[in-house]
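This report looks at how two chains meet.

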Number of protein chains: 2
Amino acid sequence: MTEAPSGSAMALQEAVHEMLRRAQGAKRTLFVASTKQKNEALREMGKALWAECAAILAANMEDVAAAREAGQPEARIDRLALDERRVRQMVDGLAALIELPDPVGERMEHFVRPNGLDIRKVRVPMGVIAMIYEARPNVTVDAAGLAVKTGNVAVLRGGREALKSNQAIVRALHRGLAAAGLPQDAVLLVERTERETVDMLIRARGLVDLAIPRGGEGLIRRVVENAIVPVIETGVGNCHVYVDKAADFAKATAVIVNAKIQRPSVCNAAETLLVHKDVAAQWLPEAARTLLASGVELRVCDRAYAALAAVGLADLVQHATEADWATEYLALTLAVRIVDSLDDAIAHIERYGTAHSEVIITEDEVAAEQFLQRVDAAVVYHNASSRFTDGFEFGFGAEIGISTQKLHARGPMGLRELTSYKYVVHGDGQVRK
Amino acid sequence: MTEAPSGSAMALQEAVHEMLRRAQGAKRTLFVASTKQKNEALREMGKALWAECAAILAANMEDVAAAREAGQPEARIDRLALDERRVRQMVDGLAALIELPDPVGERMEHFVRPNGLDIRKVRVPMGVIAMIYEARPNVTVDAAGLAVKTGNVAVLRGGREALKSNQAIVRALHRGLAAAGLPQDAVLLVERTERETVDMLIRARGLVDLAIPRGGEGLIRRVVENAIVPVIETGVGNCHVYVDKAADFAKATAVIVNAKIQRPSVCNAAETLLVHKDVAAQWLPEAARTLLASGVELRVCDRAYAALAAVGLADLVQHATEADWATEYLALTLAVRIVDSLDDAIAHIERYGTAHSEVIITEDEVAAEQFLQRVDAAVVYHNASSRFTDGFEFGFGAEIGISTQKLHARGPMGLRELTSYKYVVHGDGQVRK
C-alpha cells in the first residue's frame, strides 16, 4: 500500500537503516550492561554536557535565530531556547536518574513447577527505542538518559528547528558514553529531519523495538496510523472534573481552578467541568466568578447559561457547541455542562473523554466508588486535581510521557515502562510428556 | 494510503462497525461484572454448549463436507472436524476457567504520597478484543471463555471453513450468557468472512481495544502490517537447542528429541540444533541416529556432514542451505550446525532466531548464565525442552497464545495478559503546587 520509494528516498532509507543497524549493534552491549556502568555513563554524560555548555548554547542561538527569521511564534521559540539554567537542569536530570533503582534484572516472579522446572520472570531492556518529538532540546537529554538507565538504545528524531542544538547535545553525550566505556551508538540522532525519516523509523520492523511519539495530536496520530513497529501512544487528554451533588464546595472550587489554570497547556489539565444539577445554582456562580477572574473563558451549556445569567454573568460567558465537549483546548478555556446525575456524568465522559484523567468531587463514598470503578481512564481521582497525573507526582522519579493506551503501559510511565521481561527457566533435563 | 471503499465495501464496513458498537455497549457491563457473575456465565455457557452438542455437530458436518468438496488437505479437515469428545473438551475448558483466580480488580501496587494522595494500581479489563483466527472451531469457545473470565468482550473473526460450526457454537454461548444475565453482545461472531473484514477490525480505532491474530505467519504478518489498533503478535518460533561442549549427552539427546518430535507442528518445537565443535564427533552421531530413527530429516552444515559421513551416515542426511537457518519447518525436519563457541551459538541465534524459546544444554554453570543472560528471547532454558513454552506448562491454567513481541506481554499469555490497569487515586482536596 506504500508507494515504492524513489532513488533519493531509497538512499535516505538506507541511511536510516544503516543507523538502526548500528543501534542494534549497541543494543547487545546495553542489554547486559551493569547498573554501575550505566550510572557511570549518566555521570559522564552530565559532566560532558556541562563542559560543552558554551558550544551547546552557541548552537542553540543559531537555531533560535533561524526560528525567529522563519517567523515562528514566540511560545515555540521559548520552548526551543536554552540558557545556562536550562542546561544545568538537563545535567541535574541525568544526576537524578543515577539515584533511581535500575529496573533491569528485577525478578518479577519466581515459581517452581511440579516437574522441577524453576521459572523466573525477569525484567530486560526493550531494545532500540525510537523517540519522535518536536522542538524542545531538553527532550534529547531526557530521552537519552532514560534509555541508558534502562539499558535501551535511544534513536532520537527531534524537530528540524532544534537540529543544531541537538547535534551539539549529542556530541557531548557521546563523549560521556565513551568516557564510561559504553558504545556511542547507544544514543543516536537522526540528523535528516524530512518527514519521511519518521515513517522510515516507524516502519523498520526488526530494527526498532519500540517507537514513542511525544508531541502534538497530529504527530501522534501520524505515528499510530503508519507504524508497523510497536508504539506507545502518549498525551492527548480531554479531562473532566465532575462536581457531584454531595460535593464539598471549597474542594470543588480549589480542584477545578487548579486543574484548569495551574498549567493549561498540558495534557492533564481539565477541559470540561460537569456539574450535578442539584448544586448548579448554589456552587456554579461562585466557581465561575473565580475562574473568570483568573482569565478563563467559559463555554457553557444552555442550563449553565441560565444559572449564570440569573446572577448577572450572562455577558461574561459563551454558549458551548457540540465541538466544545470534544476539544482539548490546552488553553485558558473551559467547557461547562450541567448533568442530571452521576450516570449522565459518566456517560458524557465515556462519550467525549480520551481515557486520560477523570475526577469526581464528592463527599458521598458510594458515588465516588461508582465513578472510580466505572470510568475507564488511565487515572481516576476522588477529590484531587487531574494535574497529579505525572511520573514525578506519582513518585516514579522520572517520566517518559503519559500513556493513553491500554496495552503495556497506562498513565504516567517511569523507568519500568521502558522495559520488557523474559522467562529464565532452569531445568535438569526435563522433557515434555 | 488505503483506497476509498466502494459502495458495497462501505456497507460491509458499516455492518462491522455496527457490530463493534454493540460490543462497546456490552463492554460497560463486562467492565464491572463481578467474579461470581462471570463464573456463572462460564458455567451456563458450558451447559448450553453441551445441550446443543447435536446441533453443533450437525453444523460442523456441513462445514466438513464443504471442505472435503473444496479439496482441502486432510490435516486441515482434521483441525476443523468436531465430535462429541471435542465438544466435551470445550465444555471442560470453560469449567477449568471457573476455577482460576479473576485477575480483574487485583491490586498491583498501593502507595501513599507525601501529600496524602492514596494511589492504587488496579487491574481492569482490556475492553473489546478482536480475535482473528483460522480453521479450528475450538478457538471460538476458548477465546470467548477467556474474554468473559477477564471481563472483556470477544469479537470473533474465525475462518470461512468453520463458519457454520462457529455460528452454532456462538448461538449456544449466547444462551449461556443470557441465562447468567450478561449481555449476549459480550461474544460476537463476525459472520462475513471476506478478507476485508479482518482489515476493518484491525483499523477500527476507538472501537477495538486490542487485536490478537492466532494463526499462520501470513495472517499474523498481515495483521501486524495493517493494524492501527493495538496488536499482540503471536506464534512464529524458529527455536534453537545449543549443545555446549560441557553438555551431559543423555540430557542433550533427550531434549533435542523431545523438542523436535514430540509435536513438530507447533511454535515451541526446535528447528535448529547447534553443536559445539568439541563434542560434535562424540555426541552428534548418536543423536543423529536417534533422530533419523524417529523419521526426522536432517539438513546439516558441511562440518556436521563430515562428522556424520565419518560414521557412515552421509547418505541419510541433506546439505543445509542458508535458507534452512531461517526456516520454521513445523515438521519433522531439523537443521544442524556445528559452532566454534558459545559466542558463535549466541550470534547464530541472534541472527536467525525469532526470540521465542532458546535452549542451552550444559553442565557448565558459567556458560549457562552467559547464555540465559545474553540471549534475548521470550523464554530461555537451561537443560530443558523448548516445548515447555506454554501457558498450561507454566501453570497459568489458560493460554491465549505465545507472544513474540516485547510490548505488554511476552511468552505464554494467561488471563493477566488480557488485562490492563488503571490508577485509582483518593484525595482530600489536594491540588498541585
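## A strand pairing across the chains

Ala384(A) has Gln430(B) as its bridge partner in β16(B). Five bridges join β13(A) to β16 of chain B, residues 419-430, and the two strands run parallel. Strands pair if DSSP finds at least two bridges between them. Strands are DSSP E runs of at least two residues, and helices are H or I runs of at least four, numbered from the N terminus.

## Basis of the model

This is a predicted model: local features need pLDDT of at least 70, side-chain atom pairs need pLDDT 80 or more, and totals for chains, interfaces and linings use all residues. Residues are numbered from 1 along each chain as its sequence is written, chains are lettered from A and ligands numbered from 1 in written order, and side-chain values use heavy atoms, without hydrogens and water.

## Extent of the interface

In chain A, 81 residues are in contact (heavy atoms within 4.5 Å) with 81 residues of chain B. The buried area is about 6700 Å², with 52% from carbon and sulfur atoms. Buried area is the accessible area (1.4 Å probe) that two parts lose on being put together, summed over both. Leu407(A), Tyr423(A) and Arg432(A) supply 13% of the area chain A buries against chain B, more than any other three residues.

## Charged contacts

Chains A and B share 12 salt bridges. A salt bridge puts a side-chain nitrogen of Lys or Arg within 4 Å of a carboxyl oxygen of Asp or Glu. Arg416(A) and Glu109(B) form a salt bridge through their side chains, at 3.1 Å, N to O.
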